[in-house]
Amino acid sequence: MRLALFQPEIPGNVGAMLRLSACFGVAVDIIEPCGFVFSDSRVKRAGMDYIDHVDMTRHADWAAFQNLKSGRTILLTTRSETSLFDFEFLPSDSLLLGQESAGAPPEVHQACDAKIRIPIKAGLRSLNVSMAAGIALSEALRQIGHHSQ
């Protein structure tokens with residue numbers, strides 16, 4: 001199981017997702033360009049000393065990620081009808097989260113193997129991306145029987 005971040009824009013969100021990944025023992029793919037200088041101190045502040053415990057790969061762009069990925073790419077999007085609770089995850093899946101401001105562009109949607117959403121109250125737009133990552137990753141890991149030690 002991997003967590004993939006498509007052109008993230010907010011260092012604090014990236015730091016929180018790196019910390020999440022460290023705690024769950026899940027690798028992270030950062031698909032650049034980022035909306036900030038990646039060595040930004042705000043990433044380190046949000047991720048704290050957990051960043052040293054993350055298996056992280058940075059990809060120059062979407063094509064570079066596509067060339068190196070294995071397994072399915074599962075996009076979290078508000079534009080899906082499939083609830084993550086009705087989706088069957090596999091250990092080799094990469095959970096992809098789009099940009100905070102715009103989600104993922106059409107070419108990314110088309111390239112993904114599946115698209116899922118987190119059901120939320122009608123009339124509300126979306127969750128914070130790092131919170132969505134935690135919810136989706138927890139459900140995916142529960143399904144595949146992954147328990148961090």
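**Exercise 1.** Determine whether F87 is buried or exposed, and then do likewise for F89.

*Solution.* The relative accessible area of F87 is 13%, and the cut-offs are under 20% for buried, over 50% for exposed, and partly exposed in between, with a 1.4 Å probe and protein chains only. F87 is therefore buried. F89 has a relative accessibility of 4%, so F89 counts as buried too. These values belong to a predicted model, in which local features need pLDDT of at least 70, side-chain atom pairs count only at pLDDT 80 or more, and totals for chains, interfaces and linings use all residues. Residues are numbered from 1 along each chain as its sequence is written, and side-chain values use heavy atoms, with hydrogens and water left out.

**Exercise 2.** Classify the aromatic pair that W62 and F65 form, and describe where its two residues sit.

*Solution.* A pair of aromatic rings is described by the distance of the centres and the angle of the planes. Rings of Phe, Tyr and Trp (its six-membered ring) pair if their centres lie within 6.5 Å, and planes under 30 degrees apart count as stacked, over 60 as edge-to-face and the rest as tilted. The structure holds three aromatic pairs. For W62 and F65 the ring centres are 5.4 Å apart and the planes stand at 35 degrees, so this pair is tilted. Both residues belong to helix α3 (residues 62-68), where, being three residues apart, they are separated by about one helical turn. W62 is buried at a relative accessible area of 14%, and F65 is buried at 1%.

As a further step, F87 and F89 also form an aromatic pair, which is edge-to-face, with 5.0 Å from centre to centre and 70 degrees between the planes.

**Exercise 3.** State how many helices and strands the protein chain has, and compare its radius of gyration with that of a compact globule.

*Solution.* Helices (H or I, at least four residues) and strands (E, at least two) are DSSP runs, numbered from the N terminus. The protein chain has five helices and six strands, arranged along the sequence as β-α-β-α-β-α-β-β-α-β-α. The radius of gyration is taken over C-alpha atoms, and the globule rule is 2.2 Å times the number of residues to the power 0.38. For 149 residues a compact globule would have a value near 15 Å, and the 14 Å of the protein chain agrees with this. Of these 149 residues, 45% count as buried.
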